[in-house]
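Here is a short tour for anyone who likes to read a fold through its contacts and charges. Take a look at the model first, and then we can walk through it together.

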Amino acid sequence: MEKIVESFFNLYNDDFFEYFDRYKVLKIMQNKEYKKINQQICSVKEKYPKVISLLEDKESVALNYEEGKAINKILKLQEELDGIEIKEAFKLGFKEALIYLESMDMLNI
């Protein structure tokens, strides 16, 4: 197995979130499905500016029925994005475990 120098254990002893955010930018956000879902969220937000005020700016705004449906759609799409991120986090964790086990010479059984 080829040794991977950039391991979480070697580079980010205390800041997992920084490491995972970097991984998201380099790996997850390049995923075609992730990009498609993100674009859908952006188009809904562009169509309904009050939704942005509520979700991002945390402003109290009155919404009509269509805007309420738009918020539900965004929340469902965000759940899909979260699912993709969780799967990738699992894969990353497995990769890091293999690197760690290799560094401890525990794979040579």
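S53 sits in helix α4, which spans residues 49-55. Is S53 buried or exposed? With a relative accessible area of 16%, S53 is buried, because the cut-off for that class is under 20%. Leaving aside residues up to four places away in sequence, S53 touches K58, E59 and V61. Please keep in mind that all of this comes from a predicted model.

K58 belongs to the loop between α4 and α5 and is exposed, with a relative accessible area of 66%. Its phi is near 60°, a positive value in a residue other than glycine. D105 is another case: although D105 is not a glycine, its phi is positive, at about 55°. D105 is found in the segment after α5.

Now to the overall picture. The protein has 5 helices and 0 strands, giving the pattern α-α-α-α-α along the sequence. Of its 109 residues, 27% count as buried. The accessible surface comes to about 8200 Å², and carbon and sulfur atoms account for 56% of that area. Among contacts between residues at least 6 apart in sequence, 56% join residues at least 24 apart.

C42 lies in helix α3 and is partly exposed, with a relative accessible area of 42%.

Next come the charged pairs. Side chains of opposite charge can pair when their charged atoms come close. A search of the whole structure finds 4 salt bridges, including those in this table.

| Salt bridge | N to O distance |
|---|---|
| E85 and K24 | 3.5 Å |
| E56 and K45 | 2.5 Å |
| K91 and E88 | 3.3 Å |

What does the salt bridge of E85 and K24 tie together? E85 and K24 meet in a salt bridge; E85 lies in helix α5 and K24 in helix α2, so the pair ties together parts that are 61 residues apart in sequence. E85 is buried, and so is K24.

E56 forms a salt bridge with K45. This pair links distant parts of the chain, with E56 in the loop between α4 and α5 and K45 in helix α3, 11 residues apart. E56 counts as partly exposed, at 45% relative accessibility.

K91 and E88 are both in helix α5, and their spacing of 3 residues separates them by about one helical turn. K91 is partly exposed, with a relative accessible area of 49%, whereas E88 counts as buried at 9% relative accessibility.

Finally, the surface patches. E33, E79, E80 and D82 gather in a patch of negative charge. Which helix gives the largest share of the negative patch? Helix α5, running over residues 65-103, contributes that share with 3 residues. D82 lies in this helix and counts as partly exposed, at 33% relative accessibility.

M29 lies in the loop between α2 (16-26) and α3 (32-47), and at 33% relative accessibility M29 counts as partly exposed.

Terms used:
Residues are numbered from 1 along each chain as its sequence is written. This is a predicted model: local features need pLDDT of at least 70, side-chain atom pairs count only at pLDDT 80 or more; totals for chains, interfaces and linings use all residues. Side-chain values use heavy atoms; hydrogens and water are left out. Patches are made of residues with over 30% relative accessible area and no salt bridge: like charges are joined within 9 Å, nonpolar side chains (Val, Leu, Ile, Met, Phe, Trp, Tyr) within 5 Å. Accessible areas come from the Shrake-Rupley method with a 1.4 Å probe; for residues, only the protein chains shown count as cover. A salt bridge is a side-chain nitrogen of Lys or Arg within 4 Å of a carboxyl oxygen of Asp or Glu. Lys and Arg count as positive and Asp and Glu as negative; His and the chain ends are not counted. The place of a charge is taken as NZ of Lys, CZ of Arg, CG of Asp or CD of Glu. Helices (H or I, at least four residues) and strands (E, at least two) are DSSP runs, numbered from the N terminus. Buried means under 20% relative accessible area, exposed over 50%, partly exposed in between (1.4 Å probe, protein chains only). Contact means heavy atoms within 4.5 Å.
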